[in-house]
Amino acid sequence: MKKRIIFVFLAISAVLYFFYASSSQDSKADRYVVVLSLDGFRSDYPEMAHTPTLDSLERVGVRADFRPCFPSVTFSNHYAMATGLHPDHHGLINNFFYAEDLDKIYTIGNREAVANPGFYEGEPIWNTAERQGVKAANYYWVGSETAVNGRQPSIWKPFDSDVPFKNRADSILAWLQLPEEERPHLLMWYIEEPDAIGHRATPDSTATRQMVEELDQLLNYFFTEVRQLDIFDRIDFIVLSDHGMATYYPENYVNLNDYLPRDSFDHVFDGVPTLLYTKESYRETAYQILQAVPHIKAYKKEEIPSRFNYGTHPRVSNLVVVPEIGTYVQFRADAAPRYAATHGYDNYEPSMQAIFYAAGPSFKTGERLPAIANVNLYLLICKLLELDPAPNDGTEEEVALILK
Ligand SMILES: [Zn+2]
């Protein structure tokens, strides 16, 4: 009799053990992650403008400067954050480039190129999630419009800049209220400001400050609404950007047309950086001429300093021109800078640094952290959602600084 009681007791204990073990796993799977990217939001904009919502995120969470990858351009960096890989490892090596492996040119304005999965290497976080049974929703992150390795997020949208920012916020709010079995746990969204206004009006302008304040008000609307949801306490929020912005010095403008014959190159992508695909026989001559051009540094791809993590991918041009901060480079017969400011420079330049705010149950509170490399985003999201990461360039130590 006594033996039977002990047996029943042990059996109940085992059932309870498995119940709690599995329910504690369920609670992890019950987490949500919402990531917003504000394009070109420079790390010091919150000090230049009235941003009470971002300030409150810093008080209840963590804030850090977010260091872009080189080149500090939009597509390379959004896809670096999504895959945890440097552009040299994920293949989207600039906003404009020639891919020898595909014999095709990539430009961000060419829909056919942007939709071609052959350009996108590595595994974006939404595919890591979906592959492991976690639904993902995506509003415009670079790469989400394409089936990379045959997969896409459960919910995604073709880019349309006419959709008002508030509508995008409302979609995220609606997706968080879908029936539980359809509800995504990883939600990523994108807003193309204050990049556009920063290019046109310069980062120090009143117009840029006003846009930063409008975006902060949009965040206030979003957080006021999301706080009403039952699942609010289970959502980890991240607000970040891809790079900063630097005003041109007009006197530093360089037109390579004054120095080099354009027909000695197979492909030229000017701007910041400038990618020059020379005919091999002309490379040394072009390199020597470029050494004498003011306000730029020209590198052979195999001699690019290692801190840039750039130059090993076959798509990187055999000569790479990195302009000094504030210098714009073109390679045209009749040309002048189209904008007042830009980015794409050395990713360690202070004016290229982006923002990173994280608030929610998984993050430390009220801490200003040292600068974080943006390739850590992939590994961070894997930790938050308990996903097995694909190979990536993130570091456990840097990610650990953010987490409770
Ligand atoms: Zn950008």
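**Terms and their grounds**

Modeller: Thr 327 is located in the loop between strand 14 (319-323) and strand 15 (329-330). Strands, like helices, are DSSP runs numbered from the N terminus, with at least two residues of E for a strand and at least four of H or I for a helix. The model is predicted: local features need pLDDT of at least 70, side-chain atom pairs count only at pLDDT 80 or more, and totals for chains, interfaces and linings use all residues. Residues are numbered from 1 along each chain as its sequence is written, and side-chain values use heavy atoms, without hydrogens and water.

Biologist: What makes Thr 327 buried or exposed?

Modeller: Its relative accessible area is 0%. Buried means under 20%, exposed over 50%, and partly exposed in between, for a 1.4 Å probe and protein chains only; Thr 327 is therefore buried. Apart from neighbours within four places in sequence, Thr 327 contacts (heavy atoms within 4.5 Å) Asn 252, Val 254, Val 272, His 295 and Tyr 345.

Biologist: Why is Pro 52 assigned to its accessibility class?

Modeller: Pro 52, in helix 3 (residues 52-60), has 40% relative accessibility and so counts as partly exposed.

Biologist: Which protein atoms are the donors of the zinc ion?

Modeller: Donors are N, O and S atoms within 2.8 Å of the metal (3.2 Å for Na, K and Ca), and sites may look incomplete because water is not among the atoms. Asp 39 (OD), Thr 74 (OG1), Asp 242 (OD) and His 243 (NE2) lie 1.9 to 2.1 Å from the zinc ion, so they qualify under the 2.8 Å limit.

Biologist: Why is the site of the zinc ion called tetrahedral?

Modeller: The angles among its 4 donor atoms are 99 to 131 degrees. Four donors count as tetrahedral if all angles lie between 85 and 135 degrees, so the term applies. The ideal angle for four tetrahedral donors is 109.5 degrees.

Biologist: How are the donor residues of the zinc ion spaced in sequence?

Modeller: The spacing is D-x34-T-x167-D-H. Thr 74 is in helix 4 (residues 74-83) and His 243 in the loop between strand 8 (235-240) and strand 9 (246-247), so this pair ties together parts 169 residues apart in sequence. Both Thr 74 and His 243 are buried, and helix 4 is mostly covered, with 10 of its 10 residues buried.

Biologist: How do you know that strand 3 and strand 4 pair?

Modeller: Pairing requires at least two bridges found by DSSP. Strand 3 (residues 96-99) and strand 4 (residues 104-107) have 4 bridges in the antiparallel sense, so they pair by that criterion. Ala 99 is opposite Lys 104.

Biologist: What makes a set of residues a nonpolar core?

Modeller: Such a core consists of buried Ala, Val, Leu, Ile, Met, Phe, Trp, Tyr and Cys residues joined through side-chain atoms within 4.5 Å. The largest has 61 residues, of which Ile 238 and Phe 356 touch the most other members. Helix 12 (residues 376-384) supplies the largest share, 7 residues.

How values were computed
Four donors count as tetrahedral if all angles lie between 85 and 135 degrees; four count as square planar and six as octahedral if opposite donors are over 155 degrees apart and all others between 65 and 115; anything else is irregular.
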